[in-house]
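Here are my notes on the model you sent over. I've kept them to salt bridges and one bit of surface, as numbered points.

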Amino acid sequence: MNNIFLIPFFGLLITIAVFPLINPHLWEKNKTKAVVSAIFGVPVLIYLILKSPAKVLHVGEEFISFISLVTSLFIVSGGIFIYIRKKPTPLLNTAILFFGSILANLVGTTGASMILVRPFLRLNRWRKNTFHIPIFFIFTVSNVGGGLTPIGDPPLFMGFLKGVPFFWSLKLFPIWLFEISIILIVFFIWDSITLRKEKYPETLEREGDKILIFGKRNFVYLGLILLAVIFLHFPFREIVQWTAAILSLKTTPKRIREDNEFTFHPAEEVAIVFAGIFATMTPVLDYLKDNADKFGINEPWQFFFLTGFLSSFLDNAPTYLTFFSLAQGISEKFGLTPQIAGVWEPFLKAISCGAVFFGANTYIGNAPNFMVKSISEDMRVKAPNFIAYLLYSFIILIPSFTAAAYIFFDFLR
């Protein structure tokens, strides 16, 4: 395969990472993203059609499966509105983040973020010290929380499409629990210190406690999507997912989606950007698999940190696929066992955790991150700027990731 066709993939990822920093207003337009995806993707797509039409059909099938899952979860979760009126406590706030982390594995990190971010912010926005509220929400619900199922985060679903069994990712539970526990302990201490200085408004005190959930029928649609992923294959899986999404749109009262400020813009953005990613990634994946033994990467902790570092600044799904393919090549050449979908299991655990966990390091590491920041600012709950957020993630997350690498991936041992 001509190595010149490796360039578009990396060019597209760098553009996705840098463009929003240079001209965020222009990048917000999906037309801009469509032009960028076409510039990098169309030449590779033409090349692949001429060279290997069967491979193009296979990649197209994977793209349809990916977009069907992400979009259907986004639509259905957008029809669920949760209203919480209680006096916030560090324990209640921590419980919400833990619940959201579990929920992320059933509706995806984007879906869980959409469902919970506004109730969580409303619960706390009367406070003066709220800087940490969106930060820890992004750490847990929008990222680390989705590390247990292929539905949880796009990288794991890409692995599922590549042959990783649906329930295999439950083996990540000890690592997931370790990370979530550390983050939530830090949050609980931080929230306890800041909340102690706050005075709960008497007007809210008089309104009493209540938790209301609207659009409950959408939980049935979420169940249909989950069952389709587990038991069905292409194209029946996707037909069920889109059916659930259409039923959600038809049967959910418009007021619920209006209260959630639901729009199709994020789903359109994902479809446009990933069209370019899927078009350009095939030559890179083939090259990495064929040349895996030339990169000097042969330890699980190396895969954990390298996958994680790139997932912090580039999209974590294609980063996962890049190192997945590299690990396949190494596993095959050295006959490492046991293998899952052609990847030595310790490598796969490291790649999966690196892609999911490190997406929390920056606003551009995972799709929900910027959404949460934007919603926070709309609701007048301060969120840190790009550099400040990076500082918080470096101080809080990197030590916990290093500890996880030492315990689970033999780093420095």
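1. Arg-255 and Asp-259 make a salt bridge, with 3.5 Å between the closest N and O atoms. By salt bridge I mean a side-chain nitrogen of Lys or Arg within 4 Å of a carboxyl oxygen of Asp or Glu. Both residues sit in helix α12 (residues 254-259), 4 residues apart, or about one turn of the helix. Helices here are DSSP runs (H or I, at least four residues), numbered from the N terminus.

2. A word on where this comes from: it's a predicted model, where local features need pLDDT of at least 70 and side-chain atom pairs count only at pLDDT 80 or more, while totals for chains, interfaces and linings use all residues. Residues are numbered from 1 along each chain as its sequence is written, and side-chain values use heavy atoms, with hydrogens and water left out.

3. Back to that pair: how exposed are the two partners? Arg-255 is partly exposed because its relative accessibility is 45%, and Asp-259 is partly exposed too, at 30%. The cut-offs are under 20% relative accessible area for buried, over 50% for exposed, and partly exposed in between (1.4 Å probe, protein chains only).

4. The salt bridge count comes to 6 by this rule. One of them joins the side chains of Lys-33 and Glu-269, at 3.8 Å from N to O. Lys-33 belongs to helix α3 (residues 30-51) and Glu-269 to helix α13 (residues 265-290), so this contact ties together parts 236 residues apart in sequence. Lys-33 counts as buried, at 1% relative accessibility, whereas Glu-269 is partly exposed at 27%.

5. Have a look at Lys-171 and Glu-345 as well: they form a salt bridge whose closest N and O atoms are 3.0 Å apart. This pair also links distant parts of the chain, 174 residues apart, with Lys-171 in the loop between α7 (154-161) and α8 (173-195) and Glu-345 in helix α16 (residues 345-357). Lys-171 is partly exposed, with 44% relative accessible area, but Glu-345 is buried at 12%.

6. Now the surface. Which residues form the nonpolar patch? They are Phe-10, Ile-14, Val-18, Leu-21 and Ile-22, with about 490 Å² of accessible area together. Patch residues have over 30% relative accessible area and no salt bridge, with nonpolar side chains (Val, Leu, Ile, Met, Phe, Trp, Tyr) joined within 5 Å and like charges within 9 Å. The areas come from the Shrake-Rupley method with a 1.4 Å probe, and for residues only the protein chains shown count as cover. Ile-22 is part of helix α1 (residues 7-22) and counts as exposed because its relative accessibility is 66%.

Methods
Helix = DSSP H or I, 4+ residues; strand = E, 2+ residues; numbered from the N terminus.
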